[in-house]
Amino acid sequence: MRLHHYVQGRPPVIMPGRLTPDLLFDFENGAYSYFVFKDVRLEKEVSKVASGLQDARVQTWYHLNCAAVDAAGFAAFMKHVRDSWLSTGWEQEVKLIILASHQGSTPITDWIMLIKVTNALLNGHTCKLSDADLRNHIQSHVYADTMVAATVTELHLVNSYEKYKHALKVVDNARI
């Protein structure tokens with residue numbers, strides 16, 4: 001089992017094993033939190049957290065290139081790690097997870113949050129779904145009775161994605 005450790009005030013750690021998009025996302029968020037908590041200077045960010053990715057391949061690459069990697073910055077470090085050690089096509093796999101999802105019996109707010117968090121894994125990639133794409137997916141994969149109620153209340157006329165999600169929550173809660 002892969003473990004992701006994060007303790008406030010300490011750099012995040014991912015134990016050796018298969019790197020996944022969600023583990024790297026958690027690592028990155030933990031690192032940013034650590035940088036703020038410890039007031040880490042930009043030029044020191046990578047060196048403060050690189051050892052937390054305990055995969056031997058990452059460690060070897062970092063130690064052989066630490067001066068250049070540190071100088072490039074944390075965002076470049078994370079991009080290189082994703083490009084080098086995630087499986088080819090991982091972005092499409094994440095996108096397909098979203099597109100294959102259905103509300104089912106999950107409360108609408110929980111399902112929408114899961115979609116939103118999963119889509120956040122695609123930040124900076126062309127595969128990331130836009131708000132319009134997410135709205136279309138939600139409309140077409142929401143629980144059938146919720147969709148009927150949403151149609152009757154004319155939610156499709158609500159232009160704002162945020163207002164649409166809120167209104168859909170109200171409709172779904174009434175259905176439940």
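Val152 counts as exposed, at 66% relative accessibility; the cut-offs here are under 20% relative accessible area for buried, over 50% for exposed and partly exposed in between, with a 1.4 Å probe and protein chains only. This is a predicted model, where local features need pLDDT of at least 70 and side-chain atom pairs count only at pLDDT 80 or more, while totals for chains, interfaces and linings use all residues. Residues are numbered from 1 along each chain as its sequence is written, and side-chain values use heavy atoms, with hydrogens and water left out.

Back to Val152: this residue sits in helix 8, residues 144-152. Helices are DSSP runs of H or I with at least four residues, numbered from the N terminus. Between Val152 and Leu168, 16 residues apart along the chain, the C-alpha separation is 12 Å.

Now take another valine. Val94 belongs to helix 5 and counts as buried, with 6% relative accessibility. Setting aside residues up to four places away in sequence, Val94 touches Pro21, Thr118, Leu121 and Leu122, where contact means heavy atoms within 4.5 Å. For the pair Val94 and Thr118, 24 residues apart along the chain, the C-alpha atoms are 7.1 Å from each other.

Val94 also turns up in the pocket story. The largest pocket has a volume of about 220 Å³, and of its 15 lining residues the closest to the centre are Thr20, Pro21, Asp22, Glu93 and Val94. Helix 1 (21-38) and helix 5 (90-99) are the elements giving two or more residues to that lining, with helix 5 giving the most, four residues.

A word on how pockets are found: on a 1 Å grid over the protein atoms alone, a pocket is an open set of points where a 1.4 Å probe fits, with protein on both sides within 12 Å along at least five of seven lines, and lining residues have an atom within 4 Å of a point. Grid points are joined across faces, edges and corners, and the volume is the space filled by probe spheres set on the points.

The second largest pocket is lined by residues that include Phe25, Glu28, Lys79, Arg82 and Asp83. Helix 1 and helix 4 (74-85) are the elements that give two or more residues to this lining, and the largest share, three residues, comes from helix 4.

| Pocket | Volume | Lining residues |
|---|---|---|
| Largest pocket | about 220 Å³ | eight nonpolar, three polar, four charged |
| Second largest pocket | about 150 Å³ | three nonpolar, three polar, four charged |

On to the inside. The largest nonpolar core has 46 residues, and Leu19, Leu53, Phe74, Phe77 and Val81 touch the most other members. Such a core is a set of buried Ala, Val, Leu, Ile, Met, Phe, Trp, Tyr and Cys residues joined through side-chain atoms within 4.5 Å. Helix 1 supplies the largest share of this core, seven residues. As for Phe77, leaving aside neighbours within four places in sequence, the residues in contact with Phe77 are Phe27, Val46, Ala50, Leu53, Trp61, Tyr62 and Val69.

Last, the cysteines. There are zero disulfides in the structure, a disulfide being a pair of cysteine sulfur atoms within 2.5 Å. Cys66 is partly exposed, at a relative accessible area of 31%, whereas Cys127 counts as buried at 9% relative accessibility.

Note on methods:
Ala, Val, Leu, Ile, Met, Phe, Trp, Tyr, Cys and Pro count as nonpolar, Asp, Glu, Lys and Arg as charged, and the others, Gly among them, as polar.
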